[in-house]
Amino acid sequence: MAAKPKLHYPNGRGKMESIRWLLAAAGVEFEEQFLETREQYEKLMKDGVLLFQQVPMVEMDGMKLVQTRAILKYIATKYNLYGNDLKERVLIDMYVEGTTDLMEPIMMYPLLPPVEQEKRLSLITQRPATRYFPVYEKVLKDHGQNFLVGNRFSWADVQLLEAILMSEELIPTVLSDFPLLQAFKARISSIPTIEKFLQPGSQRKPPPGPKYVETVKEIFNLN
Amino acid sequence: MSGRPKLTYFKGRGRMESIRWLLAAAGVEFDEEFLETGEQYEKLLEDGDLLFQQVPLVEMDGMKLVQTKAIQRYIAGKHNLYGKDLKEQVLIDMYVEGADDLMLLIIPLGFLPPDQREKQIQVMLEKANTRYFPVYEKVLKDHGQNFLVGNKLSWADVHLFEAILMVEEKKASVLSAFPLLQAYKERISKIPTIAKFLEPGSKRKPPPDDVYVKTVNTVFKRI
């Protein structure tokens, strides 16, 4: 009997959150080992389990996987969330890279010094609605289907929902000009595995608070 | 009649270079359109060719592909440079992401002020020496094969080879502690498609100079 995947990361979103979303969407139960101290992190490195000395690290199928994109691709492929052929895959890849670009500055924001934060604030509050959401709204409009690619639930849909919810936490009205995305959000949220992940008590992590930021800075020597 | 891919980017390395390498390694001839002015860029935006308003853009197989990783995966998948199964794929993905992280320490150097550049080069060399090259040296040592994954040339080899050359441009002796990587580098450079790309007159681009940096800044400042 296969062991559950085991996720190694601090107790918060960061780069691991997209992986939690995808496993949850695929209906895959997983365990988590939270990094809380610098010593724990150093031990992982000494034990040689972090290929490039970094987390996320996910133990699954007898492997110690690192590099967020590599892990996500593996999960998406294994659980049939990656389209039917090369053309669908490249669409999924483009859409996923777009939502990753949207989320990354939001994710990194709490770790920036205040001077940098000031510079970035307008970027993270404006880009979702000017550069990214119009693209996905148009994709949905052009094919009129319920999912982004191939008329079928895929990794691209999971990550877009994650990006929408993250943006809404910053700007509650961010979808006001995007009716198709509003409908998409409602539809994807009601998929049973996703709905379960959205419930309180799931392994979904809250937005980063000061305690999380402190922990991360200490573990990775970012001070 | 052109079935050849068409690459739109600046006349320099940036994020397009890895794509040029991969196409070249796969023996695929391609055309290039160089961005030189703000007007050209604005026209691309108006024509709706850039999904997320960004380059690289690669037109191939009837699609306008954006997002460097999406484009690379498509090419690797199409040209059998992506392993034979999921396990090989995830190894390739991890190794590619590692080499990419290393190259991303070099790619923006031309855009930094000169005093920061030197410091950043030292950071990069340290990481190359302690975080990245030891990993690949060990991979080669552990399986004793000629290529990183599956005993066959893959995207991972092309990407690592590109990274090695890029680091060597900053410090010629950087592989001195890594005998297997030295042999590996020689071997890969002799592969006919790669040897051809290394010859003068190929589409390989030189390291960024002031003209390149100025062009990029000009094109994007117009927006």
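## A guided tour of salt bridges and a sheet

Begin by selecting Asp61(A), which counts as partly exposed at 30% relative accessibility. The model on the screen is a predicted one.

**First stop: the partner of Asp61(A).** Asp61(A) and Lys78(A) form a salt bridge, and their closest N and O atoms are 2.9 Å apart. Lys78(A) belongs to helix 3 (residues 68-78) of chain A, whereas Asp61(A) sits in the loop between strand 3 (57-60) and strand 4 (63-66) of that chain, so the pair ties together parts that are 17 residues apart in sequence. Lys78(A) is partly exposed, with 32% relative accessibility.

**Second stop: the sheet of chain A.** Select the strands of chain A. In which order do the 4 strands of this open sheet lie? The order is 2-1-3-4, with mixed pairing. Strand 2 (31-35) and strand 4 are the edge strands, each pairing on one side only. Averaged over the sheet and with direction ignored, neighbouring strands are turned by 20° against each other. Now focus on strand 3 and strand 4 of chain A, which run antiparallel and are joined by 4 bridges. Here Val58(A) stands opposite Leu65(A), a residue of strand 4 of chain A.

Show helix 1 (residues 17-25) of chain A, which lies across strand 1 (6-10), strand 2 and strand 3 of chain A and runs at about 150° to strand 1. Helix 3 of chain A also packs on the sheet, where it touches strand 3 and strand 4 of chain A; its direction makes about 120° with that of strand 4.

**Fourth stop: between the chains.** Select Lys73(A) and Asp93(B), whose side chains meet in a salt bridge at 3.8 Å, N to O. This pair crosses between chains, from helix 3 of chain A to helix 4 (residues 86-103) of chain B. Is Lys73(A) buried or exposed? Lys73(A) is buried, with a relative accessible area of 1%, and Asp93(B) is buried too, with 5%.

Select Arg4(B) and Asp31(B), which form a salt bridge of 3.0 Å, N to O. Arg4(B) lies in the segment before strand 1 (6-9) of chain B and Asp31(B) in strand 2 (residues 31-34) of chain B, so the contact ties together parts that are 27 residues apart in sequence. Arg4(B) is partly exposed at 34%, as is Asp31(B) at 27%.

**Last stop: a network.** Select Arg69(A), Asp93(A), Glu97(A), Lys69(B), Arg73(B), Glu97(B) and Asp100(B), which salt bridges with shared partners join into one network. Over all chains, a search of the whole structure finds 37 salt bridges.

Definitions and conventions
Residues are numbered from 1 along each chain as its sequence is written. Chains are lettered from A and ligands numbered from 1 in the order in which they are written. This is a predicted model: local features need pLDDT of at least 70, side-chain atom pairs count only at pLDDT 80 or more; totals for chains, interfaces and linings use all residues. Side-chain values use heavy atoms; hydrogens and water are left out. A salt bridge is a side-chain nitrogen of Lys or Arg within 4 Å of a carboxyl oxygen of Asp or Glu. Helices (H or I, at least four residues) and strands (E, at least two) are DSSP runs, numbered from the N terminus. Buried means under 20% relative accessible area, exposed over 50%, partly exposed in between (1.4 Å probe, protein chains only). Two strands pair if DSSP finds at least two bridges between them. Axes are lines fitted to C-alpha atoms, for helices over the stretch in contact, and angles run from 0 to 180 degrees between N-to-C directions. Contact means heavy atoms within 4.5 Å.
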